[in-house]
Amino acid sequence: MLQAQIFIDKDELKGTVPLYKFITKLLLEQGIAGATTFEGYSGYGRHQRLKMPTQEFSFDEVPLLIVFIDEEDKVTKALTELRKHYRGGFIVTHPVEQW
């Protein structure tokens, strides 16, 4: 089994569709067993700028994390398909055991 984590901003779009919805739909179409989207309270990326969207009067982007797990070949295929449509974000994969 392989787990993938995709880090994006909540306000990112793919055309007129929120990116997280586009990715979730793509994963469903790829036959991935399940996926979950988590909304973050704060975060920062390669630009080293702390984003804290929960603070009053903040205009920071809300960080999102999409996590999914499936057989390695299915995860790899889904990520390859995703990269045909979207080149941003940060993706991490690692093997996991199912109990």
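Select helix α1, residues 19-29, and turn the view until the sheet lies behind it: α1 lies across β1, β4 and β5 and runs at about 5° to β5. Contact here is taken as heavy atoms within 4.5 Å, and axes are lines fitted to C-alpha atoms, for helices over the stretch in contact, with angles from 0 to 180 degrees between N-to-C directions. Helices (H or I, at least four residues) and strands (E, at least two) are DSSP runs, numbered from the N terminus. What you are viewing is a predicted model, in which local features need pLDDT of at least 70 and side-chain atom pairs count only at pLDDT 80 or more, while totals for chains, interfaces and linings use all residues. Residues are numbered from 1 along each chain as its sequence is written, and side-chain values use heavy atoms, with hydrogens and water left out.

While α1 is still selected, pick out Lys21, which lies in this helix. With a relative accessibility of 46%, Lys21 counts as partly exposed, where buried means under 20% relative accessible area, exposed over 50%, and partly exposed in between (1.4 Å probe, protein chains only). A distance drawn from the C-alpha of Lys21 to that of Lys10, 11 residues away along the chain, comes to 9.8 Å.

Next, zoom out to the whole chain. The protein has two helices and six strands, which follow the pattern β-β-β-α-β-β-α-β along the sequence. Its C-alpha trace spans about 45 × 35 × 20 Å along the principal axes, and buried residues make up 28% of the 99 residues. Among contacts between residues at least 6 apart in sequence, 70% join residues at least 24 apart.

Now hide the helices and keep the sheet. Four strands form an open sheet in the order β4-β5-β1-β6, with antiparallel pairing; two strands are said to pair if DSSP finds at least two bridges between them. The edges are held by β4 (35-39) and β6 (90-95), each of which has a single partner strand, so one side of each is left without a neighbour in the sheet. From one strand to the next, the twist averages 20°.

Colour β1 next and follow its pairings on either side. Towards β6, six bridges join the antiparallel strands β1 and β6, and here Ile6 stands opposite Ile91. Seven of the eight residues of β1 are buried, so this strand is largely enclosed by the rest of the structure.

Begin with Leu2, in strand β1, which is buried with a relative accessible area of 10%. Beyond its neighbours within four places in sequence, Leu2 is in contact with residues including Phe68, Val75, Thr93 and Val96. Leu2 and Gln98 are 96 residues apart in sequence, yet their C-alpha atoms are 9.9 Å apart in space.

Move along to Gln5, also placed in strand β1; at 18% relative accessibility, Gln5 counts as buried. Not counting residues up to four places away in sequence, Gln5 touches Leu65, Ile66, Val67, Phe90, Ile91, Val92 and His94.

Then select Asp9, again in strand β1, which counts as buried at 17% relative accessibility. Setting aside neighbours within four places in sequence, Asp9 is in contact with Lys51, Glu61, Val62 and Pro63.

Finish at the largest pocket, whose volume is about 540 Å³. On a 1 Å grid over the protein atoms alone, a pocket is an open set of points where a 1.4 Å probe fits, with protein on both sides within 12 Å along at least five of seven lines, and lining residues have an atom within 4 Å of a point. Grid points are joined across faces, edges and corners, and the volume is the space filled by probe spheres set on the points. To find this pocket, select Phe7, Tyr44, Gly45, Arg46 and Lys51, which lie nearest its centre among the 17 lining residues. β1 and β5 each supply at least two residues of the lining, and the largest share, three residues, comes from β1. The lining divides into six nonpolar, six polar and five charged residues, with Ala, Val, Leu, Ile, Met, Phe, Trp, Tyr, Cys and Pro counted as nonpolar, Asp, Glu, Lys and Arg as charged, and the others, Gly among them, as polar.
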